[in-house]
Amino acid sequence: IMLGKTIEFNVYNYVNGIKQDDTFTIEVSGIPQEYFVLNIINGNNFTIENVKEYQINPLTIKCTNNKSGNKINKTIWLGGNW
């Protein structure tokens, strides 16, 4: 995510290609809180705003399915202006 930008993310569970009503708990780690703003919109949608560049390591996003307990981990980098 580039500095000063906000990106919206969504997470859903699909079974046989059909989107389910499952919701997720979103947790982030790996970067000090002052470098980003996490906004949970609902159990499937959230935004992350990059307020300060951090290139030491990526932000880890953990999405836990509230119904099944399955977890998905993704990483993103908080970049600079370009």
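Asp22 sits in the loop between strand E3 (18-19) and strand E4 (24-29); strands (E) are DSSP runs of at least two residues, numbered from the N terminus. The model is predicted: local features need pLDDT of at least 70, side-chain atom pairs count only at pLDDT 80 or more, and totals for chains, interfaces and linings use all residues. Residues are numbered from 1 along each chain as its sequence is written, and side-chain values use heavy atoms, leaving out hydrogens and water.

**Exercise 1.** Find which side chain makes a polar contact with the side chain of Asp22.

*Solution.* Apply the cut-off: a pair of N or O atoms within 3.5 Å, where one must be able to donate a hydrogen and the other to accept it; residues adjacent in sequence count only if both atoms are side-chain atoms. The partner is Asn13, at 3.0 Å.

**Exercise 2.** Work out the strand order of the open sheet and name its edges.

*Solution.* Strands pair if DSSP finds at least two bridges between them. The order is E4-E7-E8, with antiparallel pairing. E4 and strand E8 (71-78) are the edges; each has a single partner strand, so one side of each lacks a neighbour in the sheet. Strand E7 (residues 54-65) joins E8 through seven bridges. Cys63 has Ile72 in E8 as its bridge partner.

Methods: Helices (H or I, at least four residues) and strands (E, at least two) are DSSP runs, numbered from the N terminus.
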